[in-house]
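Here is a brief report on one model. Look over the sequence and the fold, then read on.

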Amino acid sequence: MKTLLLAATLSLVSTTALAEAGSGKQLYSIYCTQCHGVAGDGKGINAAQMAVQPRDHTDTKEMSARTDEELFKVIEHGGKSINKSVLMPPWGDNLNDDEIHALVGHLRELCCQKN
Amino acid sequence: MTKGIPVKLRLTLGIAAVLAVGVPLAVHADTAADVKQQCGSCHALDHDYAKAAKHERAERKAPPLDYAGNKFRREWLYSWLQNPVRLRLAGVFPPAHAKASADGDVVDTATLAKHPALDAAQAGKVADYLMTLTPFDALIAAETYQPGSIAQRMGQMNFGKFKGCDGCHQDAPDKGGVSGPELYTAWQRLQPAFISAYITQPAAWDPHTMMPVGDANAAAVHKLANYLKLIGEKQP
């Protein structure tokens, strides 16, 4: 009974944390689409002026080569942290861990869950 | 309803009512109430948005003005309010104004609202009022930035290649990203201490800002501010 109660509590905490984090899709719209595009294809409104083109998040092959940990790291600490472009900024002061996890989840949907 | 009111007073009230239809901001005694009424539907005038969920960012129609007195230069506000030109080419929330095209996303300019222009008297009153909104005096007081100089080439490389600011901001017309406000007139419109304080810690001003924090230390931030000074002072 105690185990059940603990599991239920943990599940509630987890659900609350996710709800507070908001959906990855919403966060992607707010923070990422300017460069990565409304469709996630790397063709955002800023892209035309950029020396290095933003990653196409719909590219299954490219994105599959990145682990979730790498994606988390690059969102939190920026492109420089994985020897990529400084044009990818560090979002660690704007997004908490739950929000970054939600974003990583959305990236996986964009790249790898095509119909 | 007007039966008990003398004819003369009724006439006076009638004229006043007619005049009130196109009431310029300046005729109101209480500028604070006018600003709230005229500007409050698009601009936040208090810091309540900071307590809301992050997604409130998507609902904004205009930048918050609750700390305008810590942010802007009064003379710039006075001038801009009379001749408002767009500073954010993609609006205050760019995703709301981006649309896909064959060549990549473009800004849907038809969705961008124009800021109304005020006459000189109105602009003066509004600018004076906005300059009283200074909730972040402590952040400004803690700032150590002293305006200095930087070579054009070094400043430009720092802004672009080294820090990546040009991903979102323009440092010259048509040069740089469009999701952030253009920065070639930033020096004219913003207080130097605000520039430095905001680059250092944007979320301290606006917790839902779309401005990231780089790995810049104080010296690097001051270098960026000096570049904004350099390019801003070259603007007409």
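How many residues does the contact take from chain A, and how many from chain B?

## The contact between the chains

This is a predicted model. The contact takes 26 residues from chain A and 28 residues from chain B. On the chain A side, two elements give two or more residues each: helix H2 (24-31) and helix H3 (33-36) of chain A. H2(A) gives the most, with 4 residues.

By class, the side of chain A that touches chain B has 14 nonpolar, 10 polar and 2 charged residues.

## Chain B and its domains

Chain B has 236 residues, and 36% of them are buried. Its secondary structure comes to 11 helices and 4 strands. Among the contacts in chain B with a separation of 6 or more, 68% are between residues 24 or more positions apart.

Chain B is divided into domain 1 (25-133) and domain 2 (136-236). Their C-alpha centres lie 20 Å apart. The contact between them takes 18 residues from domain 1 of chain B and 16 residues from domain 2 of chain B. The domain 1 side has 11 nonpolar, 1 polar and 6 charged residues.

## Helix H5 of chain A

Helix H5 of chain A covers residues 68-77. Its buried residues are A:Leu71, A:Val74 and A:Ile75. Seen down the axis of H5(A), these fall within an arc of 100 degrees, so they line one face of the helix. Helix H6 (97-112) of chain A is included in what covers the buried residues of H5(A).

Just after H5(A) comes A:Gly78, with a positive phi of about 90 degrees.

Most residues other than glycine have a negative phi. Against that background, two residues deserve a look.

In chain A, A:Asn83 is not a glycine, yet has a positive phi of about 60 degrees. Where is A:Asn83 placed? A:Asn83 is in the loop between H5 and H6 of chain A. Why does A:Asn83 count as exposed? A:Asn83 has 6 C-beta neighbours inside 10 Å, so A:Asn83 counts as exposed.

In chain B, B:Asp174 has a positive phi of about 65 degrees, and B:Asp174 is not a glycine. B:Asp174 is found in the loop between strand E3 (170-172) and strand E4 (175-176) of chain B. With 9 other C-beta atoms within 10 Å, B:Asp174 is exposed.

Conventions. Residues are numbered from 1 along each chain as its sequence is written. Chains are lettered from A and ligands numbered from 1 in the order in which they are written. This is a predicted model: local features need pLDDT of at least 70, side-chain atom pairs count only at pLDDT 80 or more; totals for chains, interfaces and linings use all residues. Domain bounds come from an automatic or database domain assignment. Two residues are in contact if their C-beta atoms, placed from the backbone, lie within 7 Å. Ala, Val, Leu, Ile, Met, Phe, Trp, Tyr, Cys and Pro count as nonpolar, Asp, Glu, Lys and Arg as charged, and the others, Gly among them, as polar. A residue is buried if 20 or more other C-beta atoms lie within 10 Å of its own, exposed if 12 or fewer, and partly exposed in between; C-beta atoms are placed from the backbone. The arc is that of the directions from the helix axis to the C-beta atoms.
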